[in-house]
Amino acid sequence: MQQALAIAQAALATGDVPVGALVFNESRKLVGTGSNRREADNDPSAHAEIVALRAAAIANNSWRLDNHTIVVTLEPCAMCAGAIAQSRIKTLVFGAWDEKAGAVGSVWDVLRDPRAPHRTEVISGVMESECAALLSEFFKKYR
């Protein structure tokens, strides 16, 4: 999670919400990284998780990321939770909860919905206070 926080911190320079994501393969090798790039790329889908999943799929030479783990500083939104499920990620680890748009327990629970065809293990609250503090500091200038 410390690596994901460092990536999130670096995203501040782009003006994007500071979220960082990492994807590890089953051998624990880092195969994809991402930060929010919506502002930098003018792309509404350029969330940290999507960017990291795309990089991992290229490194894996397959969209199927079975037995991979994604680590992200913020609870994924519905789009990102859907992409995590579609890529067959085995485990999601996240830091801060997103009470407004979180889709892994806060507002929705896309990954653990009993109707979903794929199940992802979810580990939440890892370095939660550090992840939340970075986001709180970022949003202070908008309040």
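**Aromatic pairs and the nonpolar core**

Tutor: At 0% relative accessibility, Phe94 counts as buried. Keep in mind that this is a predicted model.

Student: How many aromatic pairs does the structure hold?

Tutor: Two aromatic pairs. Phe94 and Trp97 form an edge-to-face pair, because their planes stand at 85 degrees, with ring centres 4.9 Å apart. The cut-off for edge-to-face is over 60 degrees.

Student: What describes a pair of aromatic rings in general?

Tutor: The distance of the centres and the angle of the planes.

Student: Where do nonpolar side chains tend to go in soluble globular proteins?

Tutor: They tend to be buried together. Here the largest nonpolar core has 36 residues. Val23, Leu92 and Leu111 have the most contacts inside that core.

Student: Which helices and strands each supply at least two residues of this core?

Tutor: The helices are H1 (2-11), H3 (48-60), H4 (78-86) and H5 (128-139). The strands are S1 (20-24), S3 (69-74) and S4 (91-96).

Student: What is Val23 in contact with, leaving aside neighbours within four places in sequence?

Tutor: The contacts of Val23 include Leu30, Val31, Ala52, Leu53, Ala56, Ile70 and Ile89. Lys29, Gly32, His68 and Thr69 are also in contact with Val23.

Conventions. Residues numbered from 1 in each chain as written. Predicted model: local features only at pLDDT ≥ 70, side-chain atom pairs only at ≥ 80, totals over all residues. Heavy atoms only, no water. Phe/Tyr/Trp six-rings, centres within 6.5 Å; stacked < 30°, edge-to-face > 60°. Buried < 20%, exposed > 50% of the residue type's maximum accessible area, 1.4 Å probe, protein only. Core = buried A, V, L, I, M, F, W, Y, C linked by side-chain atoms within 4.5 Å. Helix = DSSP H or I, 4+ residues; strand = E, 2+ residues; numbered from the N terminus. Contact = heavy atoms within 4.5 Å.
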